[in-house]
Amino acid sequence: MTADPPARSFRPKRSRPLPPPAAWVSAAVYVFLYAPLLVLVAFSFNRARLAARWEGFTLAWYAVALRDQHVLAALRNSVLVALATTVLATAAGTAAALAFHRHRFRAQGAWDALVVIPLVLPEIVLAASLVLLFGGLGLRLGFATVVLAHVAFSVSYAIVVVRARLAGFDRTLEEAAMDLGASPWRTLRHVTLPLIAPGILAAALLVFALSIDDYVVTSFVAGVGATTLPLHIYSMVHSGLSPEINAVSTLLLAATVLLLFAAWRLEQGRRAREAAVPVALGLTLLGLPFLLAPGAMAQGDRQLNLYIWSNYIAPETVRRFEQRVHARVNVDFYDSNEALLAKMQSGRVDYDVVCPSNYMVQILVAQGLLRPLDWSVLPHGSNLDPRFLARSFDPGNRYSVPYFWGTTGIAYRKSKVGTVDSWGALWDPRFRGRILMLDDAREVFGAALKWKGLSLNATDPAQLAAAQRLLVAQRPLVRAYNSASFEDVLLSGDVWLAQGWNGQFARAMAQDADIAYAIPREGSSLFIDNLAIPRDAPHPDLAHAFVDFVMEPEIAAEICRTMQYSSPNRAAVPLLPRAIRDNPAIFPPEEVVARTEAIEDLGPATVLYDRLWTEVKTSR
Ligand code: N2P
């Protein structure tokens with residue numbers, strides 16, 4: 001008889017206190033690991049709308065989150081995906097672990113390695129390969145692909161955990177059962193499985209926790225209607241940080257911690273009963289969406305899937321449309337035309353309305369990815385300003401209607417940099433580490449080209465090489481390349497000069513008088529971003545209804561007022577407050593517009609831009 005099971009014999013008998021320096025370092029590591037989470041939890045109880053300052057305790061954000069149908073639907077999707085993943089991955093993992101335990105395969109070492117590689121494989125690689133695989137198989141991205149992908153990345157964990165349990169398993173018990181006449185199946189059911197049950201349960205809980213909060217893989221394989229909570233939280237971040245996100249994140253955190261705690265107890269060899277309380281609590285938290293919104297899934301039959309630039313539509317506008325047509329709107333966001341193109345080219349997404357910029361309309365049309373509009377159901381099109389119609393990228397507006405237009409320029413902190421009127425300011429070494437550039441090949445090259453008096457549609461390799469040299473030289477000055485929240489980084493004071501798009505800067509200026517916006521004297525880019533309907537849109541009628549809706553003067557005015565990009569809707573302009581109508585950052589005077597240039601589709605030269613841009617970003 002041995003006193004200790006082998007797994008425990010490594011443990012020191014008594015715990016000895018750490019020597020002080022080690023204790024300090026350990027403490028610092030724990031603070032580093034957990035301080036952000038504690039801040040998030042604390043701020044989920046903060047009364048203030050803008051999370052930065054403590055203004056007193058409230059539970060209101062939890063109430064807001066638990067009433068938000070979108071949050072509940074996303075949470076419900078997450079739970080369903082995690083449950084399905086848990087069942088599949090745990091079953092497959094257990095079977096594999098048993099096979100490994102019973103048989104020695106030829107080249108066993110290689111098989112062992114193949115099982116653990118997915119644990120260390122960069123998630124992004126797995127994500128990209130799954131998209132390719134699903135595309136090749138002709139699978140439509142949705143709930144099923146998310147589950148398959150989650151099984152793919154979590155099954156290894158299940159195998160490893162169950163195998164660990166099997167390592168201490170006494171095979172003679174199985175042999176005894178068989179000697180006494182039990183069939184292999186009976187032996188499995190009555191001897192093997194009960195003995196390794198804690199391991200299986202631990203594996204199941206781990207798989208559940210991994211699946212419920214996965215972002216990277218899910219974002220690749222989700223498609224419309226399968227938005228999970230992590231994806232939804234990320235999209236909420238795009239339309240402005242709110243304490244509601246902290247509340248939802250805290251709930252998710254609590255559920256995950258409880259389940260992991262239960263898994264850990266089981267792994268320690270505790271009996272299943274001892275893990276019951278944390279499991280029950282964790283599952284109750286995750287069950288909230290089913291209790292609170294029993295109908296959330298069912299109302300999915302009439303829905304519109306909108307894929308649009310971040311900071312381009314306010315939640316209240318979306319809600320207004322939902323109420324008007326009694327349908328649900330799923331909104332996903334992107335921050336570059338190229339991201340939109342990649343999604344559309346994957347060919348298996350169900351978006352009904354998208355928002356490409358001028359040159360991207362042309363590319364999408366050329367690739368046959370857009371559906372001609374039915375102008376007979378777009379009566380409010382007459383409100384549009386003819387200056388933005390019939391442009392070269394879509395001469396007869398067969399495929400697109402202008403939604404916003406605007407400029408790319410520089411916003412800056414006056415108190416730190418004085419006045420700015422040239423792209424050259426973004427190369428000023430005095431502002432090292434205080435400069436932000438868009439994360440956008442065409443815009444960033446555009447800035448360098450314009451600064452040197454060239455066209456931002458240059459295709460001459462020598463000119464592009466010169467622009468690349470400038471950008472490589474600028475790289476050490478650049479704090480970040482960011483197309484999503486460039487105005488926030490300016491507001492926070494981390495950055496003093498930012499290249500970016502006018503609307504978000506106009507909103508920042510309204511919050512902080514020290515911020516100014518300049519369209520450099522060398523000229524800049526002008527964009528017209530348009531609504532269009534993808535060729536395979538599943539709900540073209542609702543899509544047309546939405547496109548017409550946003551062209552109504554009141555709605556167009558609301559969109560312009562809330563997002564502060566420039567409206568191409570002639571009838572909306574008089575409805576805007578003076579502060580917006582007369583703001584030159586939003587509606588620049590004619591002479592400024594005259595020195596802008598639109599980004600155009602450059603055909604084959606695009607590849608050159610992509611290559612040069614990747615080199616800039618990876619240069620040191
Ligand atoms: C909105 C970005 C504006 C789009 N986040 C520029 N085409």
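How many cavities of 30 Å³ or more does the structure hold? Five. A cavity is a set of points on a 1 Å grid over the protein atoms alone where a 1.4 Å probe fits but cannot get out. Grid points are joined across faces, edges and corners, and a volume is the space filled by probe spheres set on the points.

Before selecting anything, note that this is a predicted model: local features need pLDDT of at least 70, side-chain atom pairs count only at pLDDT 80 or more, and totals for chains, interfaces and linings use all residues. Residues are numbered from 1 along each chain as its sequence is written, and side-chain values use heavy atoms, with hydrogens and water left out.

**Stop 1: the largest cavity**

Select Trp-309, Ser-357, Trp-501, Phe-527 and Asp-529. Of the 21 residues lining the largest cavity, these are the closest to its centre. The space inside is about 170 Å³. Lining residues have an atom within 4 Å of a point. Nine of them are nonpolar, eight polar and four charged. Here Ala, Val, Leu, Ile, Met, Phe, Trp, Tyr, Cys and Pro count as nonpolar, Asp, Glu, Lys and Arg as charged, and the others, Gly among them, as polar.

Now colour α15 (358-366) and β9 (524-532), each of which supplies at least two lining residues. The most come from β9, with four. Helices (H or I, at least four residues) and strands (E, at least two) are DSSP runs, numbered from the N terminus.

**Stop 2: strand β4**

Buried means under 20% relative accessible area (1.4 Å probe, protein chains only).

Next, show its partners; two strands pair if DSSP finds at least two bridges between them.

- β9: antiparallel, over seven bridges. Ser-400 has Ala-532 as its bridge partner.
- β7 (residues 497-501): antiparallel, with five bridges.
- β8 (residues 515-518): antiparallel, over four bridges. Ile-410 stands opposite Ala-518.

**Stop 3: the nonpolar cores**

Which residues have the most contacts inside the largest nonpolar core? They are Leu-286, Ile-308, Tyr-312, Tyr-403, Leu-531 and Phe-546, in a core of 148 residues. Helix α6 (residues 143-167) gives the most to this core, eleven residues. A nonpolar core is a set of buried Ala, Val, Leu, Ile, Met, Phe, Trp, Tyr and Cys residues joined through side-chain atoms within 4.5 Å.

Another core, of 35 residues, lies apart from the largest one; Val-417, Trp-423, Ile-435 and Ala-605 are among its members.

**Stop 4: the second largest pocket**

Select Tyr-215, Tyr-307, Phe-333, Tyr-334 and Ala-339. They lie nearest the centre of the second largest pocket, which 37 residues line. Its volume is about 1,100 Å³. A pocket is an open set with protein on both sides within 12 Å along at least five of seven lines.

Elements giving two or more residues to this lining include α10 (229-238), β2 (328-334) and α25 (605-618). The largest share, five residues, comes from α10. By class, the lining has 19 nonpolar, ten polar and eight charged residues.

**Last stop: Gln-468**

Find Gln-468 in helix α18 (residues 461-474). Buried or exposed? Gln-468 counts as buried, at 13% relative accessibility. Not counting residues up to four places away in sequence, Gln-468 touches Phe-445, Leu-612, Glu-615 and Val-616.

Technical notes: Buried < 20%, exposed > 50% of the residue type's maximum accessible area, 1.4 Å probe, protein only. Contact = heavy atoms within 4.5 Å.
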